[in-house]
Every structure is written in structure tokens, then in C-alpha cells.
Amino acid sequence: MGFPQNLNPASIKMNTNQTVLHAFADANLSSEDAAAFLELWKPISFPKGAIMTEVGQYEKRFYVVLSGVQAVYLINPKGDRVTIGFSFDGSYSGIYDSFAFGTPSAYFLQALTPSELVYITPEEYHALFDRFPGFDRWGRIVHGQLLMGRVQRELELTTLSSEERFVRFMRRCPEPLRQIPQKWLASYLNMTPETFSRLQNSVVW
Amino acid sequence: MQINRPLEHKGELCPKHHTMARIHIHPELQLQRIQDLRQRFEAVAQRPAETLLRQPAPKKWSPGEIVEHMVEAHKLYIPKLDNALNAAAPTERWEALKAGRMASFLYKGFAPKDGKVRYKMKTQQVFEPKQLPQVADAATLDKVFEAFRASLEHLAQSARSSAEKDVAPHRFNSAIGPVVRFNAAEAVEFILRHNERHFFQLDQTLKALGA
């Protein structure tokens, strides 16, 4: 799951409705449509460490994160965790391909901190595109951003040194991610926790 | 004294004379591997029944019989796993668990090497396929395949439950008897590696059948 960088109301305390509407700003919802749209969202919370979705399960929720940090990951044959991405305050969350296409999840989604989210179901999500005219625009923009984010990440992982990856990531790293254990960030950057720690102590970004 | 001898030497099981690291059991990796087996199985199940019921050579199992063997091998562990997991106290583990020395020794022998299955053993009669050798038809094959899907689901539930419970104190005899005792996580790993070994055999069999 990619996480659009512009969804970061970090310095603003938004209530749930504002957070959700901000996440879907590109849908240009009218006031009337916004009210109906907000009715769909249901609250849910997970304690720290909870596995929200497992490999093999079908993702039944598309989330907007109100608070907390979640990680998408899997385990490689050597037993090491491979972190695919994170979600945090104001971003979307969930195993999107399983949710959208009804296929079993190939990843785990875990709450790294106590997490408060709101969600809609696959049926409600798919109905949005027929029900609200602006959702095609939202879909076009968000999926483009997701694709660009994944391509950028692939380029960084395959062409940059560990120090370069570290510097680029830390310059754009949102505040919530700086609070989670470093082993998760190290895994995301495809380096050992020891390398991450060494770079953190030696490199200025 | 360290002696490296192959397992089949004089039929001995002697892990204490082997230098080896104990295997770490990762519950998430178990669930990933079970999901991989599900997907591989569904690809196998798409083949025509006629292919899946055919033996590649006399006294060799058909693909359907290989699947039925996996079902029979899992059956013995169902009550053992359920009882051990029901007795175990909940934890917040979801961390890797270090398997015992004997279990680690057995696991290492399961994996094929250089494209060949190692340490072949005669199947105990209780684990022989029973239905398909008697009635090799599509209806029986369907029943066997449904039973295998159910066994994978039970295995996944057991893996998940093992990850969330203190399984170490609750050990039970393996299919071999009291010589080898497992906790629930070790038993799941054993069944999983057994299945992965037979999926290797399944691939070889389908190749031999030209499927």
C-alpha cells in the first residue's frame, strides 16, 4: 500500500470527519454528498502488536487512519521481516489488492502502536464510484500517486547505496514513523538494524 | 565426539551426535507457506481427473493418492493439536520459537536436495491412502480434495493459535510414537514440511505423467 505524501495533517488536530474528508479531498464532494459519504465510515481500534490482516485472509476493510502506525510486511525464507510499507495518521490503510480484487492477502498488516481507524467495506467502496461522480477523479489521482510512489521506491531500492536510501527516507520521514522501533524502518530500507543505527549516528540529513 | 552420519545409517536417529543449529519456527512464515501450498494445490486441482487418478508407474502413487496420504498423515495430529492448543495459556507472542533438537533434526531431513527426495521411508499403513486405491473416480477425488482443503485450514488455524499461546509446556507423541514428542508449533512445522516434501513429489509425478 502506498501512502500519498500530501495526506499529513500532522500539525492540525482534526476530528474524524475532517480526517476522512481530507483523505478524499480529490473527490470534490458536495456538502450533501459529503454527509452521505461520512455515514459509511465505521470506527475500529487495535492494540499495539495486533495482526489486523493475515496472509491468506481476505481484506474486508479499507481504512483511514485516525491515529497510530501500521505496517505491511511478510517474512522471507530466512525468517527476516520484509517491510513493504507503513500507514499512519491521515493516510489510507489495509491490504489494498486483496480488498479491491477479492483475492487472499499475500501480506500481514500489523498495528505497531495502538491504532484508531475508520473503515468501509468492499461493497461500500465499489459503490462509491457509481454513487458519487467525483470518485472517478479521486481514483485516477490516488492510483497514479500510488504507482509513482512504488516506482520511486523500486528505483531507490535498486539503484541507491544504503546511505543514500537512508538520507532520502529520513528527509521525508513523517513524524509518526520516527516513533516506531528502528528495526521496522531498517527492514523497509532493506538494511540491517545495525546499519540503520550506524547511519543514524554518523550521517547528517 | 561429533559424528556425522546419514540418518539411514543402521536406521539410527541420533541427533545428539550431529552438530546442527536448532530451527526457528516463524508463525508468519508458516502461514505464508500454507497459503503457498493452497495456491499450488488449486493449480493441481485444475488438472483433469483422469490425470490426477493415473499412477505414473506400478506401485507409485497417483497425484490423487499423494494428496490423500497428506490428508491421512494430518488426521492423526488433529486431536493432538486441538487438545494441546486448548490447554495452552494465551500470550502475545507472534515471535519465532526455537524448535527442539529432535524436531530440528527431523525438519532438516525433509527438504529435497539436488532435485531429489532424501531419506525415503516406507509409509506406515495408517497413513496409506485408503479411498482412492479402492474407488478411483472423480467423485472420490473431489472428496479427497475437499478433505485436503480442510486439513490446510486446520493447519493454518493451528499455526495462528500456536503463535498466540504458550505452547512449550504442552507436548504430545508424534506419529512415530514417544521417541519424538512435539509441542503444537513444532507439530505444525512438521506437518508443513511433510506436505512441502509431498508437493515436490506431486510436481515430479505430474511431470512424469506429462501434465
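**View 1. A salt bridge within one helix of chain B.** Glu72(B) and Lys75(B) form a salt bridge, with their closest N and O atoms 3.1 Å apart. Like every view here, this one comes from a predicted model. Both residues belong to helix H3 of chain B, which covers residues 63-75. Glu72(B) and Lys75(B) are three residues apart, about one turn of the helix. Lys75(B), at 45% relative accessibility, counts as partly exposed.

View 2. Over all chains, the count comes to 17 salt bridges.

**View 3. Where chain B meets chain A.** Nine residues from chain B and 13 residues from chain A take part in this contact. Between them, the two chains bury about 990 Å², and 57% of that is on carbon and sulfur atoms. Which residues of chain B lose the most area to chain A? They are Glu28(B), Gln32(B) and Gln35(B), which together make up 45% of what the chain B side buries. The count of residue pairs in polar contact between the two chains is three. On the side of chain B that touches chain A, helix H1 (residues 27-45) gives the most, with six residues. Sorted by class, that side of chain B has three nonpolar, three polar and three charged residues.

**View 4. The salt bridge that crosses between the chains.** Chain B and chain A have one salt bridge between them. Its partners are the side chains of Arg160(B) and Glu54(A), which meet at 2.5 Å from N to O. For finding your way around, look for Glu54(A) in the loop between strand S2 (51-53) and strand S3 (62-67) of chain A. Across from chain A, Arg160(B) belongs to helix H7 (residues 138-163) of chain B. Glu54(A) has 5% relative accessibility, so this residue counts as buried.

**View 5. Inside the nonpolar cores.** The largest nonpolar core has 79 residues. Which of its members touch the most others? They are Phe86(A), Leu177(A), Tyr77(B) and Phe182(B). Helix H8 of chain B (residues 184-208) gives the most to this core, with ten residues. A closer look at Leu177(A) shows its contacts with Val69(A), Phe86(A), Phe88(A), Phe169(A) and Leu185(A), leaving aside neighbours within four places in sequence. There is also a second, separate core of 23 residues, and Ala23(A), Tyr92(A), Tyr96(A) and Phe99(A) are among them.

**View 6. Ser174(B) and its surroundings.** Ser174(B) lies in strand S3 of chain B, which covers residues 172-174. Is this residue buried or exposed? At 5% relative accessibility, Ser174(B) counts as buried. A polar atom of the Ser174(B) side chain lies 3.1 Å from the backbone nitrogen of Ile176(B). Not counting residues up to four places away in sequence, Ser174(B) touches Leu76(B), Tyr77(B), Val180(B), Arg181(B) and Phe182(B).

View 7. Arg171(B) is found in the loop between H7 and S3 of chain B. At 37% relative accessibility, Arg171(B) counts as partly exposed. What does its side chain reach? One of its polar atoms lies 3.0 Å from the backbone oxygen of Arg181(B). The side chains of Arg171(B) and Glu186(B) are also joined by a polar contact of 3.0 Å. Leaving aside neighbours within four places in sequence, Arg171(B) is in contact with Arg181(B), Phe182(B), Asn183(B) and Glu186(B). For a sense of scale, the C-alpha atoms of Arg171(B) and Lys130(B) are separated by 29 Å, with the two residues 41 apart along the chain.

Methods. Residues numbered from 1 in each chain as written. Chains lettered and ligands numbered in written order. Predicted model: local features only at pLDDT ≥ 70, side-chain atom pairs only at ≥ 80, totals over all residues. Heavy atoms only, no water. Contact = heavy atoms within 4.5 Å. Buried area = accessible area lost by both parts, 1.4 Å probe. Salt bridge = Lys/Arg side-chain N within 4 Å of Asp/Glu carboxyl O. Polar contact = N/O pair within 3.5 Å; in protein donor to acceptor, adjacent residues only side chain to side chain. Helix = DSSP H or I, 4+ residues; strand = E, 2+ residues; numbered from the N terminus. Nonpolar A, V, L, I, M, F, W, Y, C, P; charged D, E, K, R; others polar. Core = buried A, V, L, I, M, F, W, Y, C linked by side-chain atoms within 4.5 Å. Buried < 20%, exposed > 50% of the residue type's maximum accessible area, 1.4 Å probe, protein only.
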